[in-house]
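Welcome! Take a moment to look over the chain below, and then we will walk through it together.

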Amino acid sequence: MPCVGMASHASTSCRAVATPSGVPHCMGPRRSVMCSGRAMHAPIGGASPRGVTIGGSSRRVEAASAGGGASSTPAAAAGTLDEALGRLGDEQRAALAAEWGYEQLGAKLPAGLGLGVVGQAVPEEVTLLDWKALALGIALPLSLMVAGYAWMWYMHGIIPGWQQAICWVLVGTGYFGLFTVAHDASRMALLTDNPELQTTLGSLLMAPSLYSLEAWRVQLLIHYAQPNMLGEDDSGWQPLTKARLVAMGDLERRWARLAATTPLKLLGSLAHWARSFGGFDLKKYYPPMRLTMIGSWSVPFVFMAVAWPALIAGGGLAAWFDCWLMPWLIFHLWLSTLTLLQHTAPHVPFEPPGGSYDAAQAAVNGTVTVSLPAPLELVLNYANYHLPQHLSGSVPFYHAKAATQAIDARLGPFLTKANLNGRLLRNLVERWQVYDEETRQYITFDAAVADISPASVRAQAA
């Protein structure tokens, strides 16, 4: 099968991912084949790491001994963090989960289970098309956006600042719900019997985000093929690594500190958006796919060419700022926060490519389910229930919660779960800042900088 060669991985063979149009995307080396919306994953591995500390601190792990007793052991002697957690008793795991902000820390899957096995936890009924649920998933977020825009229009001359901010949140949050529908179209789970309509609808709904549907689709399929793979899974969140920090100059490191240690981290998807066009380099794609990519890239630019001048002509730069820019940033706040929550946890490693990578472990243990207030879940179209997408490519957004509940009933002990809370968000911003590839754990930015010796910096530069 011909494939679209990804330039960054041109040194190895690539595999193809079929799109609704029948023209395959290349997922690069070691990436899976997507058939009928389902990913067929192959194990990809990594090197064994060194010792570990808990949550970036110097705490000790109370690990149960082989004889059933408890002994106080330095975390570094307990192996990696996920291995150390396996030695904790139920009460200790619960206490650590509460400290980190989680309801439950998932245990590791038994060795040897593949995605084909764990995927059986998704029942067939949650893959069926429901036109009413689909219509509601479009109408409800759209209504929220209309309400925000209508109030800004009605109060345009005298609207207080706090009401203006509420309108931004209403429009941006509503748009994120519509983007969830476009996301389903990109992964070919929205209208499986009508791929042309699916792609058209998804492209139109995605246009205000300034994302290209086809570019989003390529990165998304990579994410499903190799979730939490260090350096490969670039669907939206690659952690800042200590090795990357070593290679940075002083100015870049200052920017990295700002992005990794402040609430700006919750807008990290802006960097992903900037990279999503790949520099408009058509050489990354197989020739038959290049025209499709050009067409997909053009959609957000057509939106800009029409909507931006209309807003500025009607209300000046203030209208552009209030009606597009601020809601767009609220959209990115949701996109960044949910992506960060779903694939970042101190016990969830980003594995390097290699023989020890386990796709089932990465999908089940590496995906965090974060519950939100029920009305908010409804408006966001259940975007917080991400795990079913890794086990079945056919679950639409309106069945995501039911699919997660079915998975929980069968794989409950292996799932990491949380209710959205301030402690979890603070830990994500203040503690889990830099990923140490050797210990497979997150540490603070200051700890990473302190651990980088001048000799290692010189060696990296050389």
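## The chain and its surface

How much accessible surface does the chain have, and what share of it belongs to carbon and sulfur atoms? The accessible surface comes to about 20,000 Å², and 63% of that belongs to carbon and sulfur atoms. Please keep in mind that this is a predicted model.

The chain has 462 residues, 51% of which count as buried. Looking at contacts between residues at least 6 apart in sequence, 70% join residues at least 24 apart.

## How confident is the prediction?

The mean pLDDT of the chain is 81, with 79% of the residues at 70 or more. Over residues 1–78, however, the pLDDT is below 50, although the model gives this stretch 210 contacts beyond near neighbours in sequence. Where pLDDT is low, the predicted coordinates should not be read in detail.

## An enclosed helix

Now find helix H7, which covers residues 213–225. At 1.5 Å a residue, its 13 residues should span 18 Å, and this agrees with the 18 Å between its end C-alpha atoms. Because 13 of the 13 residues of H7 are buried, this helix is largely enclosed by the rest of the structure.

Leu264 sits in the loop between helix H9 (250–261) and helix H10 (269–275). With a relative accessibility of 45%, Leu264 counts as partly exposed.

Technical notes
Residues numbered from 1 in each chain as written. Predicted model: local features only at pLDDT ≥ 70, side-chain atom pairs only at ≥ 80, totals over all residues. Heavy atoms only, no water. Helix = DSSP H or I, 4+ residues; strand = E, 2+ residues; numbered from the N terminus. Expected span 1.5 Å × (residues − 1). Buried < 20%, exposed > 50% of the residue type's maximum accessible area, 1.4 Å probe, protein only. pLDDT = per-residue confidence, 0-100. Contact = heavy atoms within 4.5 Å. Areas by Shrake-Rupley, 256 points an atom, 1.4 Å probe, with all protein chains shown as cover.
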